[in-house]
Amino acid sequence: MSASDRLFAQPLAEIAGFRFDQRVAAVFPDMIRRSVPGYETIVAMTATLAERYAQPGTRCYDLGCSLGASTLALRSGLGGRDCTIVAADNAPAMIDRCREMLAADRSSAPIELHCADIRSLAIDKASLVVLNFTLQFVPPAERGALIRRIRAGLVPGGVLVLSEKIAFADAALDQLMTELHHSFKRANGYSELEIAQKRSALETVLIPETLDTHRTRLRDAGFSAADVWFQCFNFASLLAFA
Ligand code: GEK
């Protein structure tokens, strides 16, 4: 069990942009579970997707791995297949704790853990690439280049799992989904102050896009097809096929 997230519980004089530092790393599993509707389902299904798509002799990537929840799901889905998992995150505090989480896991599939920016990480011979809630933190102008490099690194039959907070073109629908998301957070014990302060901290750091924008970018990068396999309010996960 991780410590519970109270990071935004006290009134803050000034709200700085959100950073994945030690304080966040210490409460991260609790924070993401209580903040992202569907997170636990998406992580669990990452194992099911690995079971189906990981090809022997290839690599599986977890880009923006945080504490390794999706990495461990990937590993459990391999079922002894000869694959190397490459997990990367550019936040040293996340990587330090991730290393401890991976060490506590008994399974033997090899994992290479990199403290690296995924915008410059080599992606090669990949049968499965997982971007679970990471692209949303990459500046929008740089997202196309990353998706093109992922596409280029996939083997035939390879798949990208792309999970994101999403925006809606229709303002009323966007507002509704935001309110439903906040209800989810309230039901998980966050106060109005915590919700408001976290929202301000993320405003310039997490930039959601519409599903249409994601689909167009994936198609332009050379993916043959892409569609949503999971959605809860303004959080969705797509599968994109090489
Ligand atoms: C999970 N996938 O538990 N390069 C590397 N890492 C990055 C970059 C970048 N350019 N930008 C952001 N990150 C995980 C959850 S959390 C989602 C992912 C969230 C990292 C950042 O340091 C953080 O650890 C992660 O992406 C996003 O399945 O906090 O909402």
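Helices are DSSP runs of H or I with at least four residues, numbered from the N terminus. The structure described here is a predicted model, in which local features need pLDDT of at least 70, side-chain atom pairs count only at pLDDT 80 or more, and totals for chains, interfaces and linings use all residues. Residues are numbered from 1 along each chain as its sequence is written, and side-chain values use heavy atoms, with hydrogens and water left out.

A welcome place to start is the ligand. Its shell holds 22 residues, the closest being Tyr39, Gly64, Ser66, Ser70 and Asp89; a residue belongs there if one of its heavy atoms lies within 4 Å of the ligand. Helix 1 (22–35) and helix 3 (69–78) each contribute at least two residues to this shell. By residue class, the shell comprises 12 nonpolar, seven polar and three charged residues, where Ala, Val, Leu, Ile, Met, Phe, Trp, Tyr, Cys and Pro count as nonpolar, Asp, Glu, Lys and Arg as charged, and the others, Gly among them, as polar.

For Asn90, the distance from a backbone N or O atom to a ligand nitrogen is 3.2 Å. Of the 670 Å² of accessible area that the ligand has on its own, the protein covers 94% (Shrake-Rupley method, 1.4 Å probe).

Terms used. Polar contact = N/O pair within 3.5 Å; in protein donor to acceptor, adjacent residues only side chain to side chain.
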